Amino acid sequence: MSPDRALPRPEGAAAPLGPPAHATLLVADVERFSARDGADQMRTREALYDEFRAAFTEPLWSSCAHEDRGDGLLVVVPGQVPKSVVLGDVLPRLDAALGRRRRGDPLLRLRVAVHAGDVHLDAHGIGGHAVIRAFRLCDSDPLRKAVAAARGDLAVLVSETIHEDVVRGGYPGIAPQAFHAVDVRVKETAVRAWLHVPGDEDAARRVAAETSPGPAATAADREAPREGGLSFSAGGDLRVGPGNNFAGRDVRVGEHPRPRRWWRP
């Protein structure tokens with residue numbers, strides 16, 4: 001690994017080095033990396049770094065910290081760099097470069113997860129809950145299925161944080177309608193994330209349709225009124241007789257549930 005790729009590491013013991021810093025995190029993983037022989041793996045790693053450096057451009061790449069992960073890498077973008085630059089400039093350049101590689105060798109097909117949060121830097125490298133979240137997103141089933149189904153060579157999964165702060169912001173190069181909600185469950189992590197497959201929205205839509213609303217459902221989802229059905233109330237006891245007939249004093253049928261006095265089957 002050349003010196004410019006190495007993660008900047010402070011000298012000395014692994015002592016606390018001050019408060020964490022906010023950053024944007026990208027985790028990339030090469031599809032089917034372990035199926036390649038040793039020489040091909042090394043060529044693939046070299047190509048991966050070349051494409052990321054070109055997509056970031058040298059000044060931005062040099063300002064980032066990066067850790068090698070064997071079959072992928074972690075890139076930590078400083079907080080002063082707008083997140084919209086990562087989604088609206090860097091990832092489109094990366095997607096275009098991967099498409100051009102289809103005429104070359106080695107082929108790169110990538111899963112990329114994007115998250116943002118506080119990160120810690122110590123003598124051993126980069127850590128923190130945000131880093132764990134980014135890796136869990138990259139390892140998730142929806143992202144794996146998306147890159148396998150994609151016509152192109154890139155599938156991106158962004159966290160709820162990135163979706164709220166960036167995707168919905170209307171920034172240039174970012175189409176909110178091209179991001180589809182999925183439920184992610186990896187180990188102890190169960191969250192909502194947003195899937196984007198550049199140039200192949202159908203693939204993202206199909207994968208998203210396979211996931212059902214789970215514990216990561218939004219407050220709006222949980223509070224949405226249910227359609228259909230009837231509610232009954234009675235001034236006294238409500239009784240159900242033969243033939244599912246309801247009896248009671250002042251039995252009423254309404255469209256909206258009311259607390260306590262209303263019974264729902």
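1. Strand 1 and strand 3 pair in the antiparallel sense over seven bridges, where strands are DSSP runs of E of at least two residues and helices are runs of H or I of at least four, both numbered from the N terminus, and where two strands pair if DSSP finds at least two bridges between them. Within this pairing, leucine 25 stands opposite valine 76 of strand 3.

2. Before going further, please note that this is a predicted model, in which local features need pLDDT of at least 70 and side-chain atom pairs count only at pLDDT 80 or more, while totals for chains, interfaces and linings use all residues. Residues are numbered from 1 along each chain as its sequence is written, and side-chain values use heavy atoms, with hydrogens and water left out.

3. Strand 1 (21-30) also pairs with strand 4 in the antiparallel sense, here over 10 bridges, and the bridge partner of valine 27 in strand 4 is alanine 113. Eight of the 10 residues of strand 1 are buried, so this strand is largely enclosed by the rest of the structure; buried means under 20% relative accessible area, exposed means over 50%, and partly exposed lies in between, using a 1.4 Å probe and protein chains only.

4. In the loop between strand 1 and helix 1 sits arginine 32, whose phi is near 55 degrees, a positive value in a residue other than glycine. With a relative accessible area of 61%, arginine 32 is exposed.

5. Helix 1 has 19 residues and reaches 27 Å from its first C-alpha to its last, close to the 27 Å expected at 1.5 Å a residue, the expected span being 1.5 Å times one less than the number of residues. Its buried residues include Asp40, Leu48 and Tyr49, and the buried residues of this helix pack against strand 1, helix 2, strand 2, strand 3, helix 3 and strand 4, with contact taken as heavy atoms within 4.5 Å.

6. The structure holds two aromatic pairs, a pair being rings of Phe, Tyr or Trp (its six-membered ring) with centres within 6.5 Å, called stacked when the planes are under 30 degrees apart, edge-to-face when over 60 and tilted for the rest. The rings of phenylalanine 52 and phenylalanine 56 have centres 6.2 Å apart and planes at 25 degrees, so this pair is stacked. These two residues are four apart in helix 1, and thus separated by about one helical turn; phenylalanine 52 is buried at 2% relative accessibility, as is phenylalanine 56 at 1%. Ring pairs link Phe52, Phe56 and Trp61 into a cluster.

7. Threonine 57 follows helix 1 and is found in the loop between helix 1 and helix 2. Its phi is near 75 degrees, again a positive value in a residue other than glycine, and threonine 57 counts as partly exposed at 33% relative accessibility.

8. Arginine 102 lies in the loop between helix 3 (83-101) and strand 4 (110-122) and is partly exposed, with a relative accessible area of 45%. Although arginine 102 and glycine 152 are 50 residues apart in sequence, they are 9.2 Å apart in space, C-alpha to C-alpha. Leaving aside neighbours within four places in sequence, the residues in contact with arginine 102 are Leu107, Arg109, Arg151, Gly152 and Asp153.
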